[in-house]
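Keep the structure open and follow along.

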Amino acid sequence: MEYHPTIVSFLCNWCSYTGADLAGTSRMKYAPNVRVIRVMCSGRVDPTFVLTAFEEGADGVLICGCHPGDCHYHEGNYKCLRRYKLLQMYLQQMGIEKDRLRLAWISASEGKQFAHLADEMTAAVKALGPCKIKENIETLS
Ligand code: FES
């Protein structure tokens, strides 16, 4: 049976969600594996959101925000970037490949880039196979 990864995607309301919406309204085709959760800002993505997504069965997590300098809350995306770097290290320590978590900047006009990103991340996670975080958590506890 063919493996179809699930990718939970947190998109900031002002830029990235609109960019993803543009991809949809422009009828661009992209991998249907991405499950979108709209947040007001990428800075709102608490690390526990990411860990919970993995615990609940996500094979990959994608966070998208406004480009640097464009965040509607001034520095939410910088806060997100710092958390992302720490999360990648944390996930690696838990035996989770760092490529399962990705941060990207997508503006409201970048529907094409979002579609490409969704395809690219789906292919990358598919190559990694199913996420083993549950097994790793059970081993640790
Ligand atoms: S509002 Fe888009 S990243 Fe902050």
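L101 touches V50, V61, I63, Y84, L87, Q88, L91 and M121, leaving aside residues up to four places away in sequence. This is a predicted model. Start with L101, then widen the view. The largest nonpolar core has 21 residues. L101 is among those with the most contacts inside this core, together with V50, V61 and I63. Which elements give two or more residues to this core? They are strand 1 (7-12), helix 2, strand 3 (60-65), helix 3 (76-93) and strand 4 (101-105).

Turn to the cysteines. How many disulfides does the structure hold? The number is zero. C15 shows how the cut-off works. The nearest cysteine sulfur to C15 is that of C66, 3.1 Å away. A disulfide needs the two sulfur atoms within 2.5 Å, so C15 is in no disulfide. C15 is buried, with a relative accessible area of 8%. C12 is buried as well, at 2% relative accessibility. Both assignments follow because buried means under 20% relative accessible area.

Next come the charges. Side chains of opposite charge can pair when their charged atoms come close. The count here is three salt bridges.

Take E2 and K126 as one of these pairs. Their closest N and O atoms are 2.8 Å apart. E2 lies in the segment before strand 1, while K126 lies in helix 4 (residues 111-128), so the pair ties together parts that are 124 residues apart in sequence. E2 counts as exposed, at 53% relative accessibility. K126 counts as partly exposed, at 33%.

E120 and R102 also form a salt bridge, with the closest N and O atoms 2.6 Å apart. E120 sits in helix 4 and R102 in strand 4, so this pair ties together parts that are 18 residues apart in sequence. E120 is partly exposed, at 33% relative accessibility. R102 is partly exposed too, with a relative accessible area of 27%.

E97 pairs with R100 in a salt bridge, and their closest N and O atoms are 2.7 Å apart. Is R100 buried or exposed? R100 counts as buried, at 1% relative accessibility.

Now look at the loop between strand 2 and helix 2. R44 is found there. R44 is partly exposed, at 48% relative accessibility. R44 touches V39, F49 and R83, not counting residues up to four places away in sequence. What is the C-alpha to C-alpha distance between R44 and C80? It is 7.8 Å, although the two are 36 residues apart in sequence.

M40 lies in this loop too, between strand 2 (34-39) and helix 2 (47-55). M40 is partly exposed, with a relative accessible area of 41%. Patch residues need over 30% relative accessible area, so M40 clears that cut-off. W14, M40 and Y73 form a nonpolar patch on the surface. Together the three have about 310 Å² of accessible area.

How values were computed:
Residues numbered from 1 in each chain as written. Predicted model: local features only at pLDDT ≥ 70, side-chain atom pairs only at ≥ 80, totals over all residues. Heavy atoms only, no water. Patch = residues over 30% accessible without salt bridge, like charges linked within 9 Å, V, L, I, M, F, W, Y side chains within 5 Å. Areas by Shrake-Rupley, 256 points an atom, 1.4 Å probe, with all protein chains shown as cover. Salt bridge = Lys/Arg side-chain N within 4 Å of Asp/Glu carboxyl O. Helix = DSSP H or I, 4+ residues; strand = E, 2+ residues; numbered from the N terminus. Buried < 20%, exposed > 50% of the residue type's maximum accessible area, 1.4 Å probe, protein only. Core = buried A, V, L, I, M, F, W, Y, C linked by side-chain atoms within 4.5 Å. Contact = heavy atoms within 4.5 Å.
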